[in-house]
2 protein chains.
Amino acid sequence: MTSSSIAGVRVLAFDTFGTVTDWFTGISSVVQTTVPDVDAGAFARDWRRRYAPALARVESGEWGWRRLDELQTDTLHGVAKAFGVTLTDDETETLVRAWRTIPGWPDAAPGIRRLKRDFIVCALSNGSVALLTDMAKHNGFDWDVIGGSDLWHHYKPARETYCGLADLLEVEPGRVMMVATHQSDLDAARSFGLRTAFVERPLEWGPDAGPDRKDDTGSPENDIHATDLTDLAEQLGCSGQRSVSST
Amino acid sequence: MTSSSIAGVRVLAFDTFGTVTDWFTGISSVVQTTVPDVDAGAFARDWRRRYAPALARVESGEWGWRRLDELQTDTLHGVAKAFGVTLTDDETETLVRAWRTIPGWPDAAPGIRRLKRDFIVCALSNGSVALLTDMAKHNGFDWDVIGGSDLWHHYKPARETYCGLADLLEVEPGRVMMVATHQSDLDAARSFGLRTAFVERPLEWGPDAGPDRKDDTGSPENDIHATDLTDLAEQLGCSGQRSVSST
């Protein structure tokens, strides 16, 4: 990365599930207490695998607009069936709402706070604004702006989400840098004119995930490749440790 | 106010121009340096008086959707004409953008930070998300969610703004409390099912404003009448002084 390539960046747009939060630990732990008879890690991974295809059915037009919670409820029933269990309504709600309180990676909250001094820091996620607000309050993510999919009635990697955030912030797409641990997210962002930063999250799919990680090691086309948000802040030249919002 | 009337409140939605920021001081000071030959206070007040009628032309359908900056540019030209001055494009932009950096009232940033511990704190303003983001970063307003008029393409007191915020946060309108120093804003909010808190800002129109304040002393129908955000936090039972977002 050359410094000129990020000279105009004013906005950092963060993916949330996997990039700033550890969904595997959060979801598998709720699965373990809610559905104790299944392999919790395998259950969590299967559920997560069904996520992108469900969003794609909305973006293809096969389904009308639905919030993420509704899609997650639908895919959860499919996972439960595959694991031979039947969930009550209460168990279903507990599991679907568990995505609102998945833990942040240790570097996430302090990293966001540090980056906020020099950039407009935003969530740009397929979660709803309400879900992302709960996640932010649970983890101390001090977003400036929460870009939830319900603002645009579209899911990433649709153009409307990336360019919708730029439009909302009244900047050109080239002044927005997408930050994610999923190369497909960054490839889409770049195709619409955004800058890209890949963040390594080798444990996203759990310690024994195996081939699920195969595509997510980053691409040389990204403007930045960072090991975590502390490294991202260093590479972006954020020298300070203190947040402007702390008093 | 009885404690039962606010038992279910989860979201505080703040008006911004006047309620958390001192537009009179901010705008009149930029007018003074940009258009030194006019009475800066009178100019600022005249501009502000033309604000609500301009929004109403959008809500009536007379004009299509326009962001606040565009409306403010239009009304600014009217004020300049009334004061017998001609503004260059640069001067116009300086004045219109001055609304992004008007100062917060001294109690605002610490009050928002304290209330954030127990509530979801939101801006619910006729400014755009970008304008409100600039205002927040300039003043250290740690909003959880920024509800700008461009999210709904409607201006307060339209139903779509108040109910739009409740919908975005996935709560019933009765779980949202509108906080404002303008009774008309609170009356509208209440008519759509929101709770209301009036905040006194006797200096909103400047120290020698006179009759401009006549309607804004609050109504007995409000759930809360507060002298400032510190008093609001006390009345809402927020005992702590420390923000959850400070480390």
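Reader: In which handedness of crossing does α1(B) pass α5(B)?
Author: In this predicted model, the crossing of α1(B) past α5(B) is right-handed.

Reader: Which residues make that contact?
Author: Helix α1(B) contributes B:V30, B:V31 and B:T34, while α5(B) contributes B:E91, B:T94 and B:L95.

Reader: And how many of them are nonpolar, polar or charged?
Author: The contact of α1(B) with α5(B) comprises 3 nonpolar residues, 2 polar residues and 1 charged residue.

Reader: What are the angle and the distance between the axes?
Author: Helix α1 of chain B spans residues 23-34 and helix α5 of chain B spans residues 89-97. They pack at an angle of about 165°, and their axes lie 9 Å apart.

Reader: Why is α1(B) called roughly antiparallel to α5(B)?
Author: The term applies because angles over 145 degrees count as roughly antiparallel. The angle here is about 165°, which makes α1(B) roughly antiparallel to α5(B).

Reader: What volume does the largest cavity have?
Author: The largest cavity has a volume of about 70 Å³.

Reader: Which residues line the largest cavity?
Author: From chain A the lining has A:V129, A:V145, A:I146, A:L151 and A:L168. From chain B it has B:V129, B:V145, B:I146, B:L151 and B:L168.

Reader: Which strands supply at least two residues of that lining each?
Author: Strand β3 (145-147) of chain A does, as does β3 (145-147) of chain B.

Key: Residues are numbered from 1 along each chain as its sequence is written. Chains are lettered from A and ligands numbered from 1 in the order in which they are written. This is a predicted model: local features need pLDDT of at least 70, side-chain atom pairs count only at pLDDT 80 or more; totals for chains, interfaces and linings use all residues. Side-chain values use heavy atoms; hydrogens and water are left out. On a 1 Å grid over the protein atoms alone, a cavity is a set of points where a 1.4 Å probe fits but cannot get out, and a pocket is an open set with protein on both sides within 12 Å along at least five of seven lines; lining residues have an atom within 4 Å of a point. Grid points are joined across faces, edges and corners, and a volume is the space filled by probe spheres set on the points. Helices (H or I, at least four residues) and strands (E, at least two) are DSSP runs, numbered from the N terminus. Axes are lines fitted to C-alpha atoms, for helices over the stretch in contact, and angles run from 0 to 180 degrees between N-to-C directions. Angles under 35 degrees count as roughly parallel, over 145 as roughly antiparallel, 65 to 115 as roughly perpendicular and the rest as oblique. A crossing is left-handed if the near helix is turned anticlockwise from the far one by less than a right angle, and right-handed if clockwise. Contact means heavy atoms within 4.5 Å. Ala, Val, Leu, Ile, Met, Phe, Trp, Tyr, Cys and Pro count as nonpolar, Asp, Glu, Lys and Arg as charged, and the others, Gly among them, as polar.
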